[in-house]
Every structure is written in C-alpha cells, then in structure tokens.
Amino acid sequence: AFDLDTPDGIGAQLDRDRPEVVVHAAAWTDVDGCALDPALAMRRNATATEVLAEACAARRADLLIVSTNEVFDGSRTDGRPYEPTDTPCPGNPYGASKAEGERLATVAFAQRPGASLGIARTAWLFGAPGRDFPSRILDAAERARAAGEPLRAVGDEWGTPTYAADAAEAIVELLAADAIAGIHHVVNGLFATRADWAREVVTRAGLEVEVVNVPSSTWQRPSHPPRWGVLAQTPLPSGEPLRAWPDAMADYAPRLLRAAGIRT
Ligand SMILES: NC(=O)c1ccc[n+]([C@@H]2O[C@H](COP(=O)([O-])OP(=O)(O)OC[C@H]3O[C@@H](n4cnc5c(N)ncnc54)[C@H](OP(=O)(O)O)[C@@H]3O)[C@@H](O)[C@H]2O)c1
C-alpha cells in the first residue's frame, strides 16, 4: 500500500508491480483538519504526490492524479465556471496542498519526459451512501422533522454535485482511450447551491421538511470553502460530457433511500 505519511517506498513497489498507469486518488480530505495543520496537509497532499510522480516519471509509468475544485478560491463573480486554463488560486490549506501536488507532479513529469501526467479535478462527490452530503442531509432532515423545525442549508455556496460512479467511469474512459494527459474537469453537468442540493434530496425522500437558505457564515469552520466552486466540464473521449447532476441523483436515490431505511 502507498502510505501518504511514508511515501518513499513507492519506487520499490512500482518496480515490483510494473504498472503502465497509476491512478492516485488517496488524499487527506479532512478540509478542517488541513486548515488546522497546513504543514501536514502539504506533506500528505503535495509531498507524497511529488514522490509518487517522480517515481512514476522515472519509470515511464503514466500517472493520473485526482484533484479538486478547491484549487480555486471561488471568489470569481463573473458567473463563469473555472476552466483548466485558469491558474489555480487556492483559498484554503486543503486547496493549497492539492494545488501544490498538481504543480509538483507537473514539474516531475516535465523533467523526465516519456510518460503522461493527467490531472482529474472533481467536486462535491456523492455516493456510496454513508458519509456523503445526501446521507448527512437525510439525517439532518429527519432531526428537523422530529423537532418541527425547517432544515437550514447553505444558499450562498455554489458547486456541481458529482456522482462518484460517473466520475470513476469518466476516469476509466480516459484511461481506456489513452487520453489522460492534461487537466480534466470531471464533474456532472449544471450547478447548484448546497441548499438546492438539500432540497433535491428531501424531495426525493418524500420528507415533509422545509429547506431554508442560510449564509455559509451561519457555521464557523476552520476551512473556508470556495463560494463559487463551479468547474467547466471538459470533453471525454466519447465526446459526451457527464450527465446533469439531477439525473445522476435520480439514479443514486433508490440506493440512498434504501440505506437510510426510507420507503418511497
Ligand atoms: N469528496 C469530494 O467531494 C471530493 C471533491 C473533489 C476532489 N476530491 C478528491 O477525490 C479523491 C478521493 O476523495 P474522497 O472524497 O473519496 O476521500 P476519502 O473518502 O477521504 O478517501 C480518501 C482515501 O485516501 C486514503 N488515505 C487517506 N489518508 C491516507 C494515508 N495517509 N495514506 C494512504 N492513503 C490514505 C483513504 O484510505 P483509507 O480508506 O484506508 O482511510 C481513502 O481511500 C481525493 O484526492 C480528493 O482530494 C474529493
């Protein structure tokens, strides 16, 4: 296994396994933890990625790293989604550590040409049921209903809910077409606020709970997420972008509701 805290053994592992391509999805994703210990975030999300990238580049193994919309601070106000050509400008330590991982991997591959580096940025992943946003919203909605209160959800933070299964399929498509090189924005279509997303979940569950928009400042957190975290979808080899997020939610909903013990 590749341990982000002790990445140096990766060369020996690559020599043993001799992969043609490595997909690096592991990360320290606790954004508040990263905000409280930015140096550790850098070690786990940037240094470990650099060590892996140098080891892959030296062995001419392709590398696809999974990254995040949080490489952008979300302060843009022109309503346009972030493109792969936009320069990363992270607004929190998690985003900074992921952006630095992207940069260091790019340097490693530039220094040793011969293999391909891909960066697949995604955002607001959901599925499988358990700890994802829809599961947490269902729990919160049940509590709100029991208390006879509305459910408060953030209405001033925008992003694109993205079905992990769709993102995984897109990555497989890039690998199968030998088209990983470059930066890919692997997100479902359209965008939403957290409150829009919560409303979709509550409606699909048939729960009689009102969802009210509140500002993100309602909850003080160590990490500040991007206000406008919308990525422009990049084309896949099939030519088709990923479907719109509500269609993906429709696919996921039966699994989500079954796991939550909700009959529809
Ligand atoms: N979730 C999102 O909304 C989102 C959005 C944009 C980008 N991403 C990116 O997508 C990727 C996957 O994220 P996720 O949400 O699936 O994260 P996750 O549920 O927190 O899973 C992270 C993975 O990294 C592994 N990991 C954590 N610390 C490690 C360490 N010290 N050494 C080795 N492995 C370690 C975990 O292994 P264990 O299971 O063994 O702990 C787990 O498999 C990450 O690169 C993340 O930055 C996620």
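Thr122 is in contact (heavy atoms within 4.5 Å) with Val66, Ser67, Thr68, Asn69, Thr162, Ala167, Val186, Val187 and Leu231, leaving aside its neighbours within four places in sequence. This is a predicted model: local features need pLDDT of at least 70, side-chain atom pairs count only at pLDDT 80 or more, and totals for chains, interfaces and linings use all residues. Residues are numbered from 1 along each chain as its sequence is written, and side-chain values use heavy atoms, with hydrogens and water left out.

**Thr122**
- Strand S3 (residues 117-122) holds Thr122; strands are DSSP runs of E, at least two residues, and helices are runs of H or I, at least four, numbered from the N terminus.
- Thr122 has a relative accessible area of 8%, so it is buried (under 20%; exposed is over 50%, partly exposed in between; 1.4 Å probe, protein chains only).

**Helices H1 and H3**
- H1 (residues 10-17) packs against H3 (residues 38-58) at about 40 degrees, axes 9 Å apart; axes are lines fitted to C-alpha atoms, for helices over the stretch in contact, and angles run from 0 to 180 degrees between N-to-C directions.
- That angle makes H1 oblique to H3 (angles under 35 degrees are roughly parallel, over 145 roughly antiparallel, 65 to 115 roughly perpendicular, the rest oblique).
- From H1, Ile10, Gly11 and Leu14 meet Val51, Leu52, Ala55 and Cys56 of H3.

**Gly79**
- Gly79 sits in the loop between strand S2 (62-68) and helix H4 (93-111).
- Its relative accessibility is 45%, so Gly79 counts as partly exposed.
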